[in-house]
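Here is a short report on how the chains of this model meet.

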Amino acid sequence: MHREETGAQQLLKLGIGLAAVVFSLLLTALVILLAEASPIDVFEKIVEGIGFSGQGADILRISGVINFWIPLLLVCTGLLVTFTAGLWNIGVEGQMMMGAIFASYVAQFVFLPPVPQVALEIAAAALGGALWALLAGVLKTRGGVHEIFGGVALNNLASIFSIYLISGPWSNEGGQASPPFRSEALLLPYNNEFKVSLVALALMVVAFIVIFAVLRGTRWGLELKAVGKSQRSALLLGVPTERDALQALAVCGILAGLAGSTRVLFTYGNLRPLVSGGIGFLGLLVVLLTGTRALWVPLISLLFAAVLAGSTRLKIALQLDQSLVGVVQGILVLMIILANGVRGRFFAARQAAADGASAAGKESAHE
Amino acid sequence: MSRRLLLSLVVVAALLLPAVSTLAQNDEFVFGLVFVGPRNDHGWSEAHYTAGRYVEEHIPGARMVFFESLNAADAPETTLEQVVDEMVGEGAQIIFTTSDDFEEDTAAVAEKYPDIIFVSVSGDDVLAGTAPENLSNIMGIMEYGKQIAGCAAALATETGGIGYLGPLINAETRRLAASVYLGARYCYEHYRGLDPDDLTFTVTWIGFWFNIPTVTLDPTEESRRFIDNGADVVISGIDTTEALVVAGQRAAAGEAVWGIPYDYKNACGEAEDICLGVPYFNWGPAYVDMIQAVRNGEYTQVWDWNGPYWDDINDVDRSAVGWVNGNGLTEEHAAQLDEFIAMLAETAPEQITKDNIDEPGQQIGLWVGPLNLQNGTVLAADGEIVPPSAVWYLEQLLEGMTGSSTAE
Amino acid sequence: MSVEVRNIHKHFGPVHANNDISLRFEDGRIYGILGENGAGKSTLMKILSGFYRIDSGQILVNDRVAHYDTPRGAIQAGIGMLAQDPLDVGAFTVLENFVYGQPGGILPDWEAARRRFSEIEKHLGFELNPELSVEYLSIGQRQELEIIRLLALGVHVLILDEPTTGISAEQKQVLFSSLKRLAHQDGLTILFVSHKLEDVLDLCDEVAVLRLGCLVGTAQMPVTTNDLVAMMFGQELAPASRDDIPFGDIAVEVTDLHMISERVTLRGLGLKVRAGEVIGLAGLEGSGQQLLTRACVGLIKPLGGRIVVAGKELTGRHYRDFLAANVCFGAAGRLEEGLVAGLTLTEHFILADPEQTAWIDRDRGTRLAADRIAHYHIHGQPESSIEMLSGGNQQRVLMALMPPAPVLMVLEHPTRGLDVESARWIWEQILARRRDGTAIIFVSTDLDEIVTYSDRILVFYAGQVTEVPDARRTTVDELGHLIGGHSVLSGEAV
């Protein structure tokens, strides 16, 4: 039901959000105190680690945040598509790995001038991710294997495959990684200050805008929304549910593959075990937290990237137990849930009113 | 919020503030340590962490900064370069990267920071001639510790079955597994009077230095499998202690099994009574040497392969590699083990460096022919010493061992 | 105990659900609260039973103003409502549910509770096994348990909201006689909410009729159905008229159909339907009608047999192929099968609009939605979420989503749960398509509906299919016999 928000309501929402932030900061402070450290120091170091201190912005550290944000938001963007279609694409982690593996293949065995070289690597990564996602999709639609179970199995398979490559055909004696790729095959940082690949950054921005527009404005996006809310009804309305589900997975796989390619072509410069690093799972968390409200996804994913990247500084400067960072992250999650939950509860009355508007007409709901 | 709670928070904050603003010391010397695992893993990383604390005790003004669990799974948001950036920002003048996993990245950041000294532990960049001047390598001759471990296992075993939990497969892990095997064969024959060919020596590679669920084989599960398949001594070649823990559980259930952990001096603590002993690294002295040299402006590039201090292999100030007996070792066996160690000492060079590695006649304990590689090719003819470089770059496991030599 | 409401107002957002309603209910009487879907009946009852708070107005109990705004408060004031969905706990036994619904200490007196339970049960003429787990009870039995529980709480005003939905005829008789006893012997006040006229005529002493949130009138029994309908809708209604029209070519031909479900098996069913013909499928639910309807639209693949639509072989094809062949389908569970909760009306129309290309033309969608809303008299806005609409309006949307002139229209329970006016309107739409040459197959358990609208009637009994010899002349009684499995004629192809 369409609802207009008054200024007072917006203010209230903002207030609830702020209260949640303050509450979680207090909670974090308490935990840090229990760990016998100074909360002020911890917050200061995290903010410094993100790149902001009394001396102004530190471009290098900001680059670190952005470099983690790029694969994270790429994955989140893909997951927006699958979540819209009601699919739990747990396999996103494996799709990242497959993207990384495909990109690594091109990087090692295809020799082209830099621009077509990197373009081909990225295309290969997209293909790898998409194929791996489609495999999960076919297992679901043809084999009746739920995408969660299929995804978990395919994650393991991708991981085992990458380790086999690293320790076998692509092994580099002495190290547990493939040989470093030559520099023409890499995504290069803009410069030594702003150490971010502009190509990767552009990929991220374009991908998000395109997916946002597609979900909003196309028939396909609307079909996914319908499938996500009720597959049965969507089918009866004439939506090709199976095809749409496969396409949604493929699109997510493409984006996950791109995310994987930034890990090998930029972050590490070679293929490593667990190259996806749990970023796919973090992406699932982020998209769940936003409740698939697309506009929040860049913001929340940036927040997570910032806290995680900022914690590198924290760990080194304060030498706290590393589990503390996990606690801080947990509290962050709690805060977002809390803000959502409180707001939801607070506006439940209005929601009920909206329901009730129909309830008047809903007497027959149980007919 | 109640006023009392608010008040107490303010008080706590006030108490903490002075602690926060500690004065920086003038003669501070900052050194960095990067660990691949957690600093309390009771294994490889903890041995390095202990050495860092040792440095702080022995060099006035020395302050350690460290970063633990730097690997793609635990810290996907961080690269070695970022960690080094932060450590340099903290004022670190020398940084130890303590895993072969960091070898290539360390070489890259060493180029980026030519004024900072980097020590890539267990690496061979210097030996291979690819390292910039500010990058050195150190390693302990753990082959001795492993031969002792193998001997202890052979003395204890009743079934003649020994299981070795290996990490991933490379030259280092092959030569260490092979050293255990050499020690076991020797002692099975000389002290037990049994045929060493009857020994069953199995190596299982889990795939990484420690357990990563779904990625590596599960070391706990593999340790159990060793025992189920007839081994009664389980030896760890990985950074963590699952082998000993499993042996302890099985012994508690009434089975006659023993375990030997690795890397860290106090690792037996996980299951003391059935621990035969532990071969461990004592990085402290080498760290102190490196740091003193840097501090005094006397740094020169090294590739040092440091052995035990044979007068007392457990001398914390001198020995790079040691062995402590565990409670599982009988007195008789302990005496035999002492005899074995004394024998190793007779032929041992104390330190192998990039300058002397190719000098003939340097014998690392039992690395003497006749020895064949697993595929049957001759490594050394009867009586021929295997040169240290051939040990370092061992290409295969030895004949008689069960397990893969390469990852395919 | 008397209850009175004075000048009750209740808004839900822009909807004025109760508009200045004043009514008085005396003890010892049964009141029927009538109104079409969305008239405000349930809102008023929920206000009385403490589920909703009033915007303005007063509630008086025994002529004194009562202030309560929770169901617990209402029960303390002596007013209890039997929910449409009884709120019992499935895992517990009948007696446990009874006891946990009562105030009391941590350790209940089980013996006393059992005596009290059977006392009330006997008085009402119910037969419930107190040891039986509630999950095994039928809806009717759950209602009985709920009535017992409320009476034990000392309720003197009993509100029942659509209690006859989903219960058997026998249970309805038991319920009605117990309600009459409670009112006329024990002096309770009974408020009976329903949109079924015959139930109200059967049971009530007085009726109050609501329309669009307002009280339009009250009446003492006896009144005629037509009077009530006139009050409810402002006019008298006759069923939609069905002209005799000449049938066209064969629209769908089903040959030798074999199908199996968990409950029934169809063997060798054959059926030819011509353009403009209406086939009613009668029978108890689950007798095999649904297998046939779903096979006819490609949602279930038959084990054997052929299905030809307008000369085109579609056996074993996907639902979408049937859609492409201009077959359309309306399932019974509208929000489970057909409409997508969470999508707006506009979005539904966009999805069903073949003219929409890859990039959605929102303006076109909104225009189309507004157009259909007006044409189909749907109470809702283009941007309304579909689940916010009442059942009758949802059914209208479902009709509006169907193509204008399908070859075959397959409908399951097209008017289930709708009030008379809505049901009549839906049939007008169906018959309009029939005139344009659409073949229609529909399932219903409402025998009146079957008899009124069918050209031919198939009766399903446990997978056996019988055609009623002369559908035009058959009666509800005759049909009832067939449905019960009596005098099954030949099971051969029809």
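Two strands pair if DSSP finds at least two bridges between them. Helices (H or I, at least four residues) and strands (E, at least two) are DSSP runs, numbered from the N terminus. This is a predicted model: local features need pLDDT of at least 70, side-chain atom pairs count only at pLDDT 80 or more, and totals for chains, interfaces and linings use all residues. Residues are numbered from 1 along each chain as its sequence is written, while chains are lettered from A and ligands numbered from 1 in the order in which they are written.

Strands S11 (residues 250–260) and S12 (residues 265–274) of chain C pair in the antiparallel sense, over seven bridges. A hairpin of four residues joins S11(C) to S12(C). C:Ile250 stands opposite C:Arg274 in S12(C).

Chain C is divided into three parts, with bounds from an automatic or database domain assignment.

| Domain of chain C | Residues |
|---|---|
| Domain 1 | residues 3–233 |
| Domain 2 | residues 238–326 + 403–494 |
| Domain 3 | residues 343–399 |

The centres of domain 1 and domain 3 of chain C, taken over C-alpha atoms, are 36 Å apart.

Now the contacts. Two residues are in contact if their C-beta atoms, placed from the backbone, lie within 7 Å. Of the two pairs of chains that touch, chains A and C have the most contacts. Chains B and C do not touch; 31 Å separates their nearest C-alpha atoms.

In chain B, 38 residues are in contact with 35 residues of chain A. On the side of chain B that touches chain A, H3(B) gives the most, with five residues.
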